[in-house]
Amino acid sequence: MELLDGNLELKEIQNLQGHTDRVWSIAWNPATAAADVPAVFASCSGDKTVRIWEASPSTRSWDCKAVLEETHTRTVRSCAWSPSGKLLATASFDATTAIWENVGGDFECVSTLEGHENEVKSVSWNASGSLLATCGRDRTVWIWEVMPGNEFECIEVLQGHTQDVKMVQWHPTMDILFSCSYDNTVKVWWSEDAEGDWSCVQTLGESSKNHLCTLSGYHDRTIFSVHWSREGIIASGAADDAIRLFVESKDGLMNGPSYQLLLKKEKAHDMDVNSVQWFPGEKRLLASGSDDGAIKIWELETLPG
C-alpha cells in the first residue's frame, strides 16, 4: 500500500468543546459523505446529551447545530445513524433507546424503545435500515424491526452471554449480528429467513480457529475503540490517551494478513480515547472522543518531500 511509502501526519483540525462530561461515542451521518453535502456527525456523553455537529464548507470548521437533551436521564453511551441518515438512535444507561428524526431542521424524539432491565450500552442498524440491535448490562441482545410510522417492534431477545454485553455491530452487507461481552466472547447471530428464529451460530473466544492476526504491544493500556477507513487504515483509541493507525503490510504472510504501525499520535487527548471514527467519504478525516470531554477532528495528510 502506497500509504507506507509516504510521510504522513495526523493533523488536528479542530478541538470541539461543549460536552460537560466524557464523550462516549461518535457517529458520522452516512448521507453526508457526498462531496457536495456538509459533513455531519453525532456525539453522545455522560452529560446525558447528544450533540449534532456540522461542517461549514466555507470555513472548514465544525459547529454544534443541535443539542438533544431532556430525553435521556442518564449517560448516553452509544449513537448510530440509520443507513439513510434520516434517523439517529441513541442508547442510554436509563434503560431506553431513543430514536430521533430531523424534522425541518429540528431533531425530535419520535420513538422510545423500552425493555432492557438497566443500562443500554450499544445500538446498531443493519445495512438496509430495517433492523436495529441493542444490548446492555442485563446480558441480552434485542433485535427490533422498523415498522411504518417510526414504530419499532422487538422481534427477538437473544440470550447467551454470561456478562454485560458491551457492543453490538451488524455485518456491513448481510443480516449477521456480532455481540461483544465482558464474558470475553464475541457471539455471531443469524436467522435463516425473515420469519425464523435468531440463533448463535458461532462463539469467538480467545482461541478461535479463524483468528488471523494480532496487533499487540502498541498501546500501553486498554484499547476502547477501533475503526477501519474506506482505504483499510485501522485507527485505534485507548486508555493511554493515544491514537494509533495501522495498515496491512506489503509483506503479507501466506496464512493471512499482517498489519504494521503507520503512525502514532501520543497525547491525542488529555484522558482516555473512547471513540475513533473515520469519515465515510473520500476525505481522510478522523473524529475522536475522550474522557476529557473534547471531540477532535483530525486529517491524515501527506507531507511534502
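Predicted model: local features only at pLDDT ≥ 70, side-chain atom pairs only at ≥ 80, totals over all residues.
Reader: Where does UniProt place the feature "repeat: WD"?

Author: The UniProt record, an unreviewed entry, puts this feature at residues 16-54, 69-101, 113-146, 158-189 and 266-305. Two of these spans may be described further. Residues 16-54 are 0% helix and 46% strand, with end C-alpha atoms 11 Å apart. Residues 113-146 are 0% helix and 62% strand, and the C-alpha atoms at the ends of this span also lie 11 Å apart.

Reader: Which strand pairs with β11 over 5 bridges, and in what sense?

Author: Strand β10, residues 120-125, pairs with β11 in the antiparallel sense over 5 bridges. Within this pairing, C135 of β11 has S122 opposite it. The hairpin of β10 and β11 has 5 residues between its strands, and G129 there takes a positive phi near 80°.

β11 also pairs with strand β12, residues 140-147, again antiparallel and over 5 bridges. Here L132 has W144 of β12 as its bridge partner. In the hairpin of β11 and β12, 3 residues stand between the strands, and R139 takes a positive phi near 75°.

Reader: How should I read a salt bridge, and how many salt bridges does a search of the whole structure find?

Author: Side chains of opposite charge can pair when their charged atoms come close. In this model, the search finds 7 salt bridges. One of the pairs is K296 with E12, at 3.3 Å from N to O. K296 belongs to strand β24 (residues 295-302) and E12 to strand β1 (residues 8-16), so this pair ties together parts that are 284 residues apart in sequence.

Reader: Which residue meets R137 in a salt bridge?

Author: The side chain of R137 meets that of E119, at 3.4 Å from N to O. R137 is in the loop between β11 and β12, and E119 is in the loop between β9 (106-114) and β10; the pair is 18 residues apart and links distant parts of the chain. R137 is partly exposed at 44% relative accessibility, whereas E119 is buried, with a relative accessible area of 9%.

Reader: Which residue forms a salt bridge with R284?

Author: E231 does, and the closest N and O atoms of the pair are 2.7 Å apart. This pair, too, links distant parts of the chain: E231 lies in the loop between β18 (223-228) and β19 (234-238), R284 lies in the loop between β22 (273-278) and β23 (285-290), and they are 53 residues apart. E231 is partly exposed at 30% relative accessibility, and R284 is partly exposed with a relative accessible area of 21%. Elsewhere, salt bridges that share partners join R74, E119 and R137 into one network.

Reader: What should I look for in a nonpolar core, and which residues in the largest one touch the most other members?

Author: In soluble globular proteins, nonpolar side chains tend to be buried together. The largest nonpolar core here has 17 residues, and those touching the most other members are L10, I233, I243, L245, L262, L286 and L300. Two or more residues of this core come from each of β1, β20 (243-248), β21 (259-265), β22 and β24.

Reader: Where is S191 found, and what does S191 touch?

Author: S191 is found in strand β16, residues 186-191. S191 is buried, with a relative accessible area of 11%. Not counting residues up to four places away in sequence, S191 touches G196, D197 and W198.

Terms used:
Residues numbered from 1 in each chain as written. Heavy atoms only, no water. Helix = DSSP H or I, 4+ residues; strand = E, 2+ residues; numbered from the N terminus. Buried < 20%, exposed > 50% of the residue type's maximum accessible area, 1.4 Å probe, protein only. Contact = heavy atoms within 4.5 Å. Pairing = 2+ DSSP bridges. UniProt positions renumbered as here; feature names shortened; annotations may be inferred. Salt bridge = Lys/Arg side-chain N within 4 Å of Asp/Glu carboxyl O. Core = buried A, V, L, I, M, F, W, Y, C linked by side-chain atoms within 4.5 Å.
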